[in-house]
Amino acid sequence: MKEEIQAIFKYLQTQMKAEYSVDENINYVRVSKPNYFQAAEYLRNQGFQRLLTISAVDWIERGTFEIYFLVHKLHEDIYVKVATEIPRDNPTIPSLSKLWLNAAMHEREAWELFGVSFEGNQILKPLFLEDPVEIPPFR
């Protein structure tokens with residue numbers, strides 16, 4: 001890995017207390033909820049211009065949702081998955097739509113299917129479901 005890329009992950013570890021691991025060509029970063037948006041903003045500023053997805057995993061037994069996004073840095077062909085956990089009883093997290101325009105649609109899907117609210121996303125309205133439901137279908 002180039003020194004520049006090593007510096008990026010060292011910054012995330014020291015400044016945001018991120019946990020970091022690598023599996024083949026995917027870099028995994030786990031941050032606390034307060035550092036979620038800041039980690040995304042930092043990666044965007046470091047050249048990760050392509051947001052591939054934002055989604056959620058419902059960890060029922062832990063009482064949390066894992067919210068994650070996957071970004072790609074084209075010129076170095078580096079993938080980074082950033083994840084955080086939020087409580088199931090108050091699933092809110094900042095929207096990444098200010099950083100990547102396509103984030104809004106990914107967040108909209110997670111909102112509808114899991115009930116996660118992305119603060120700052122202006123298009124949180126039904127995308128797939130025709131009738132409102134009390135419990136989101138992927139919960």
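Residues are numbered from 1 along each chain as its sequence is written, and side-chain values use heavy atoms, with hydrogens and water left out. Because the model is predicted, local features need pLDDT of at least 70 and side-chain atom pairs count only at pLDDT 80 or more, whereas totals for chains, interfaces and linings use all residues.

The whole structure holds 6 salt bridges, a salt bridge being a side-chain nitrogen of Lys or Arg within 4 Å of a carboxyl oxygen of Asp or Glu. One of them joins the side chains of Arg30 and Glu66, at 2.9 Å from N to O. Arg30 belongs to strand E2 (residues 26-30) and Glu66 to strand E4 (residues 64-73), so this pair ties together parts that are 36 residues apart in sequence. Strands (E, at least two residues) and helices (H or I, at least four) are DSSP runs, numbered from the N terminus. Arg30 is partly exposed, at 29% relative accessibility, while Glu66 is buried, at 6%; buried means under 20% relative accessible area, exposed over 50%, and partly exposed in between (1.4 Å probe, protein chains only).

A salt bridge also links Glu85 and Arg62, with the closest N and O atoms 2.6 Å apart. Glu85 lies in strand E5 (residues 78-87) and Arg62 in the loop between strand E3 (50-59) and E4, so parts that are 23 residues apart in sequence are tied together by the pair. Glu85 is partly exposed, with a relative accessible area of 29%, and Arg62 is partly exposed at 44%. A network of salt bridges links Arg30, Arg62, Glu66, Lys81 and Glu85. Lys73 and Glu76 form a salt bridge at 3.8 Å, N to O; here Lys73 is buried, at 6%, and Glu76 is partly exposed, at 25%.

Glu107, in helix H3 (residues 103-114), is buried but has no salt bridge, and the nearest side chain of opposite charge, Arg108, is 10 Å away. The Glu107 side chain does reach the backbone nitrogen of Leu96, at 2.6 Å.

The largest pocket has a volume of about 180 Å³. A pocket is an open set of points on a 1 Å grid where a 1.4 Å probe fits, with protein on both sides within 12 Å along at least five of seven lines, and lining residues have an atom within 4 Å of a point. The lining includes Trp111, Glu112, Leu129 and Asp131, and its residues divide into 6 nonpolar, 1 polar and 3 charged.

Notes
Grid points are joined across faces, edges and corners, and a volume is the space filled by probe spheres set on the points. Ala, Val, Leu, Ile, Met, Phe, Trp, Tyr, Cys and Pro count as nonpolar, Asp, Glu, Lys and Arg as charged, and the others, Gly among them, as polar. Lys and Arg count as positive and Asp and Glu as negative; His and the chain ends are not counted. A polar contact is a pair of N or O atoms within 3.5 Å; within protein, one must be able to donate a hydrogen and the other to accept it, and residues adjacent in sequence count only if both atoms are side-chain atoms.
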